[in-house]
Amino acid sequence: MPLSRRKLLQSLGAVAALALTGRAGWSAIVGRTMRGTASASGTTAKAEHQWAAVIDLRRCDGCRYCTEACQTTHFLPKEMEWIKVYNVKDSNGNRLFMPRLCMQCENPPCLKVCPVAATFKNPEGIILVDQDRCIGCRLCMAACPYEARYFNFSEPPRPSGPARDPMPEFPVPQRRGTVGKCVLCVHYVQEGRLPACVNACPMDALYIADLNTRVMTNRSGETYEMSRYLRENDGFRLKEELNTSPRVWYVAGHGQALDGERWR
Amino acid sequence: MSALKLALAVATPLIILIALVTHAASAQTPPRQVVPVVLEGVLPAQQVTGQQSVTLAARLHGPDGAPVRGETLDFYVINSVFGEHLMKVGQAPTDATGTAELLYEPTWAGEHTVVVRYGGAAYTPTQTTFRINAAGPAHVHENARFGLEPVRAVAPLGAALAILAVWGTLALAVTRTVRGIRAAAPATSSALPLVRMPEALSPAPLRPVLLAITVVMALALPIAWFQAREGSAGPPALAGAPLVPGAEQPGSDKILPAALLRFVPAITTDAAGQLTPDSADLPADVALLGDRQYVLDTNKGRILTVTPAGQLARMFESDRDGETSLLGASAITSLDGEIYVAGPRFGTVIVLSPFGKIEEVLKIELPAAEHPFRPAGIAVTDDGQIWLSDSNNHRVVSVDRKGRFLGSIGKGAAATGEYGLDTPGGIAVDALGNLWVADTGNHEVKKYSPKGVFLAAIGHRELARPEAVAVDDAGDIFVTDDERAAVLAFGRDGAFLGSFGNDATVGAQSPPRLQSPAGIEVKGTTVYVMDRLSGLFIFSVGAASAQ
Amino acid sequence: MVALQHEQQARLEQTAMRPILQPGEFFWAVVIALSIVVLMALVAYLQQLREGLAVTGLNQRVSWGFYISDMVFFIGISYGGAMTSAILRLTNAPWRAPLSRIAETMAVVAVLVGAVFPLIDMGRPERMGNLFLHGQVGSPVLWDVVAVTTYLVAGAIFLYLPLIPDIAVCRDRLGPAGGKLRTRLYELLALGWQNTPEQKRALEWGTTVVAITIIPLAVAVHSVLAFLFGVTSRPGWDSTIFAPYFVLGAMFSGVATVILAVAGLRWAYHLEEYIERKHFEYLSFIMLTLGVAYGYFMFSEYLTEGYKMHEGVGTMMELLITGDLAPFFWLFGLGGLILPILLVALPFTRNVSGITVAALAVVLGMWLKRFLIVVPVLAEPLMPSEVVIYWPSRVEIAITAGAAAAIPLLMLLFFRVFPIISVYEIEEMAEAEARKLEAPAEGEAR
C-alpha cells in the first residue's frame, strides 16, 4: 500500500518532533543517568581534598584489629570484611600479610556497570554506594577485581545507640539486599579524624593520604610527603595492569618491622 | 727503702688503673661532643610561584662559623590536613659548606613553615624553622581518564537510535498490518461449516500409570518440601559463607532455660554513632574474682570492674606502648586473688592485684613459630601452670609461673584431629585440672588432660564458631558461639543441653540480646558472658545436668 | 485456488484444533502436576522475599549462582523460535510449517520465564523501577533489560501475526463448543480476517518485517547477556568471543528445546501425520551444525586460555577440566555435546526417539554449561585466598524446577486456546507448491 504524500509528511513531522523533544529530553536523561560516570571523571577535581591510602607491608603483622575496628564502627556481620587481611606467600616463599580495602579506583569498574548509578563517586574521589537506590543485582561485585564489595544477604546487625538514618558516607545500618563496601571512613576523614582501620592498627601500618596536598599520615602522627615516600620506598598498586588506577599504594615488605626479639 | 721503689709501688697500680679506665672508656662509643652547633635555614633565592619546586636549604656550622659536613638533616613542613603534623619531606647530607639542600614542590598555596632538624649522632641535636611563601594555585590531583572519551560521548546516542529504530519498526509493522487487515475485512462473512471433532483421543496405554505417578507426585512433593532439611544444601564454604545458623542441624535448636539477671552495658555511642570517650571498645573477656567481675576493654587496653550498682568503673589503665600495654589483649582470668592478663604485643603475662596494681610481668618464652604470638585465651591451674592459646599459630602452650615453656598442644598450622587445632580461642581449666579449648576453626571444644593428653571433642554438630569456654563445678561446659550469638551448654558427657542468650530467652522488652559473645565465666549457677558489641550479660541457669 | 483437498484440509484443521476442545485424558493430570511444581517455586520465592537472599547458597565470593545460570539458559532456549520460525521463514523452507507454531510459542514462553530471573536474583526487587527512573546507560544490566523487553515484545508480535488466520478459523469453525469467552477472544484478535488477498498481503509484509527484525534482535539479546560477563576483568569471563559464543549456545539449546517440545506435543496430541520423521531429521541437522560450531568456539576459548595459563585462568581451568568440577565439565562435554552429535550423525540412531534423546541431552548439558560458565569463575578467587564452594539451596532448586515446569505448563494452556499447528502456513506452503507445479505446466502448455 503506497504511502500518500500527506502520510509521508505527517510521519516526517512526527519524527522531527520526536527528535527535538528527544534531544531536549536526552540532555535531561544524560544528566540524570550519567550521575555515576559524569561524576567519575572531571568534576571530582574541584574538591579541596582527594583521599587515598598507603599501606606499609613491612609493618603489618596480620592481627586483624583493623577488620575488627571497621566491623565495630559500622556494625557489620563477621563475613563482611570491608578491610580484609590476606595471608600471602610471595614468590620467594616469604609470608606476608596484606590488608585490602576498597581501592577507591579512579577508573572504577564497579561504578561503570551499576545499572542505577547507586555506586557513585563523591567530589573527593571516594566511591560511595547509595543503599536506598541499589537494587542488589551484584554486577558490581562481579566486576570488582579486588573483591572489595560485599552483599547483605540477610538483615544486618542492629546498631546500638539511637536510631539513625544511614547515608552513603556513613552507611549504618546497612540495608538488606544491597551492596556495601569500605568508604575510607569519609565521615571521619572529612572532620579531620582518621578512618577506623588506620586508627586501630597497632603496628602503624596504615596511612591515610590526600592526593592534593600529597600528605600521608598514620595514627602515630608519622607524616610523609607522599610522592617522595612512594618513590623512595617503591610504592606499588595492586593489579596495575587492569588500569583501574586505584588510590591505595602498598610498600612492599613482609613484616620486617617484626624483629625476632619482640615476637616469638 | 729507696724512693724509686716506693714510687713504683704506688705508680704501678695507678698506671694499671688508669690504663683500665681509659681502655674501658675507649671501648665505649665516643662521647657526644657537647659542642652546640647552629642550624640556619637558607631562604630560597626567588619567590616561589605556581607549582615549581623550591630548594629548601639549611646550613650547619659550629658556633665559630666552621661548617659541619657529612651530617644528615631532616626536612619537614608543617601540614594540617589530618591535624597538625610535621610532614617529612626528606633528608639530605651537608656538603663542604655545611649546607644541605632538598628539592620540595609545594602543593598548597600560602605560607609553608619549614622545620629542619638535626638529630645528630656527632653533635647536639638542634632544629631551625623558617617560612616560605608559595604563591599560585594549589596542586590539584588529576584523576585518571576512562579513555575513549569521544566514543563514550557518542555511544549512548547511537544505542538510543538503534533501540528507537527497532521499536519503531515493530510499531510500524504491527500498526500497518493490523490496519491493513481491518481495512480489507469484508462487511459480511459467509457461514462456514463447523469443524467436526472425532471421538475423544484414544487413551494412551500408559494412562493409569501416568495418573498414578501424578497423584503420588502431587502428594509427595509438598510433603517432601516441608520435610526436607536445609542441611541437604551441602556444606557452606568456610570463607565468606552467609550466616547459616547452626540451629538448622537436628536437635541443635534446643533452648536451655536461663534468666537474665543483669545486663551491664559497656558500649555507649553518641548521637553520631561514634563511641563516647568512656565507652569500652570491643571488650573481649571477663574474669571473676571474689564478688566482682572484671571486664577486659581490649581496644583501649583497660580493665574495668563492675560496681555493685551495675556500672563500669576503671580499675586499670595501661599505657599504649611498653611491656605492660594491654592494648589488644583479649584474654583475662583470675586465680587466688590475682588477675592474669595475656599481653598481646610483647608475649607477656601481666599479673595484677584486684585493685589494679601490677604485681608481676612474666615474659613468656616460646618456641619459634611462623606467626606472631597472639594469645586469645588464658587459664591458670592450681599448681601454677599457665595455659595460653596462640590463635595465630594454632596451638595451646603451657608455661610455668615464671614463664618458662613447659609444652604445647597443636600442630603449628591449622589442623584437624585429636591434637590438631585451628585458631583456638578461649580456654578453661575445670575442677579436675583438665584443659578445655574452644577450637574455633574446627567448630568444637576439645578436652585435654593436665599433661596434654587428648580426652574428648564435643559440640561439633551444634557449634558454629566457638569463641570461649567455661566449666562449672558440676562439669557442665558452657561455650560462647559468636556466629549463633548464643551460649551453648553441654553436659559432662558431651551431650548438648541447649542454648540461651538469643531471642528465645530474652523477651521483647528486655535489653539487647547477645550479638557477639566472646569471653565467658561460670560460678555456681551464674554464667557471665562478655559480649563484644554490647556489654556484660549475667545469666542464671537452672540445674543444667537435671535436663 | 485451494491447493489442499477438502478432506485433507478438514483433517488438518481437526488435528490442529482438537487440543483446544479435547486435550486428552491426562491433560489435567499433567497440568496439575506442573502447577504444583510452579506453586512450590512461588512458595520458595515468597520465603526468599521474606528472609532475603540468605536462603540461597550464595556467598560473598560466589554471588551469582543458579538464578543467573537460569536466566541465561531460559532466555537462550527461546532462540529456537527465532531459528526455526524466523530464519526458516526468510529462507523459504517449506518443512518448517507444522513446527512454527510450537516453536514461536516456546520462544515467547521461554523468554517470559527467563526474563523473570533477573528479578528473582535482585536483592531489592521492589526497586525495579529504579532501572527506569535512574537507568545508567553504560550498564550491561540496563542493556539486558532493554534488549530482553524488546525481544519479548517482538516475539509476541511474531507469534501473534501468523496466528491471526488461525484465530479466524477458530472463530468461524469451532462454534459454540469453543465457549463464549474463547469465541469473544477469537473475534477480538482475528481483526476481521476473512482471507482476502489484501489482508494476506498486509500480513505477509508485516510478518516478513518482524522476522527480519527479530533475527538481529535475538543476536543482540544474547550478546548483551554475554556482555554482562564480558565487561568484567575476571579470568574466564574476560574473553572477546563471549558474545558469539553465547549466541551460538543459545541457538544450539534453542533448537534442541524445539525438538523436545515438538516431540512431546506430537506424542501427546497425535500429530504424527504432520510432523514426520523428516522434520526431526532436518531440525537435528541444524542442531548438529550448531553443536559442532559451539564445540569449535569452546575449543578456541579453551585452547587460547589453556595454552598460556595466565594467573587465575590457569587455576580455574584446572578446577574445571581436571579438578573438583571435572565430573560436571566432562558430563557436559561427553554427554551434552559429543553424544548428541553422534546420535544425530550416525544413521542408525537418527530416528525420532534417538533425536529426542539427543535433544534432551543437549538441553540438560547446556544448562550445566551455563552453570559452569557462571559459578567456577566466581569461585576462583581474584585475591590470594582459597576457592570457595557453592552449593545451591533448596529454594534455588525449587525455583529452577518451577521455571522448567512453567514452560510446558504455559504451552499446554496456550494450546487450549490457539491451534497447535499453523493451518494457515501449511495451506500457504501447499499453495506455493501447487503454483510451482502449475507454472512449468503452463509454460509447456503455451
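**Close-up views of a predicted three-chain model****View 1. Chain A in outline.** Chain A holds eight helices and twelve strands; helices (H or I, at least four residues) and strands (E, at least two) are DSSP runs, numbered from the N terminus. The model is predicted: local features need pLDDT of at least 70, side-chain atom pairs count only at pLDDT 80 or more, and totals for chains, interfaces and linings use all residues. Residues are numbered from 1 along each chain as its sequence is written, while chains are lettered from A and ligands numbered from 1 in the order in which they are written. Of the 264 residues in chain A, 55% are buried. A residue is called buried if 20 or more other C-beta atoms lie within 10 Å of its own, exposed if 12 or fewer, and partly exposed in between, with C-beta atoms placed from the backbone. Among the contacts in chain A with a separation of 6 or more, 64% are between residues 24 or more positions apart. Two residues are in contact if their C-beta atoms, placed from the backbone, lie within 7 Å.

**View 1. A cis peptide bond in chain A.** The peptide bond that runs from A:Val172 to A:Pro173 is cis, with omega near -5 degrees. A:Pro173 belongs to the loop between strand 6 (149-151) and strand 7 (179-181) of chain A.

**View 2. The contact between chains A and B.** Chain A contributes 52 residues to this contact and chain B contributes 53 residues. On the side of chain A that touches chain B, the elements giving two or more residues are helix 3 (65-74), strand 8 (206-210), strand 9 (215-217) and strand 10 (223-225) of chain A. Helix 3 of chain A gives the most, with four residues. By residue type, this side of chain A has 21 nonpolar, 18 polar and 13 charged residues. Here Ala, Val, Leu, Ile, Met, Phe, Trp, Tyr, Cys and Pro count as nonpolar, Asp, Glu, Lys and Arg as charged, and the others, Gly among them, as polar.

**View 3. A sheet that joins chains A and B.** Ten strands make up an open sheet with mixed pairing, in the order 11(A)-12(A)-1(A)-8(A)-9(A)-10(A)-4(B)-3(B)-6(B)-7(B). Strand 11 (235-236) of chain A and strand 7 (126-134) of chain B stand at the edges, each with a single partner strand, so one side of each has no neighbour in the sheet. Two strands pair if DSSP finds at least two bridges between them. Strand 10 of chain A and strand 4 (residues 85-93) of chain B pair in the parallel sense, over two bridges. In strand 4 of chain B, Met87 of chain B (B:Met87) stands opposite A:Thr223, and B:Lys88 stands opposite A:Tyr224.

View 4. Chain B contains three helices and 31 strands, and 39% of its 547 residues are buried. Among its contacts between residues at least 6 apart in sequence, 49% join residues at least 24 apart. Chain B is divided into domain 1 (38-134) and domain 2 (249-546), with bounds that come from an automatic or database domain assignment. The C-alpha centres of domain 1 and domain 2 of chain B are 53 Å apart.

**View 5. A four-stranded sheet in chain B.** This open sheet of chain B has the strand order 8-31-30-29 and antiparallel pairing. Its edge strands, strand 8 (258-265) and strand 29 (517-523) of chain B, each pair on one side only. Strand 30 (residues 526-531) and strand 31 (residues 535-541) of chain B pair in the antiparallel sense over five bridges. B:Val527 has B:Phe539, in strand 31 of chain B, as its bridge partner.

**View 6. Two histidines with a positive phi.** B:His443 is not a glycine, yet its phi is positive, at about 55 degrees. B:His443 sits in the loop between strand 22 (435-439) and strand 23 (444-448) of chain B, and counts as buried because it has 21 C-beta neighbours inside 10 Å. C:His270, also not a glycine, has a positive phi of about 55 degrees. The loop that holds C:His270 lies between helix 10 (242-269) and helix 11 (277-308) of chain C. With 15 other C-beta atoms within 10 Å, C:His270 is partly exposed.

**View 7. Helix 3 of chain C.** Helix 3 (residues 66-77) of chain C is mostly covered, as twelve of its twelve residues are buried; among them are C:Phe66, C:Asp70 and C:Ile77.
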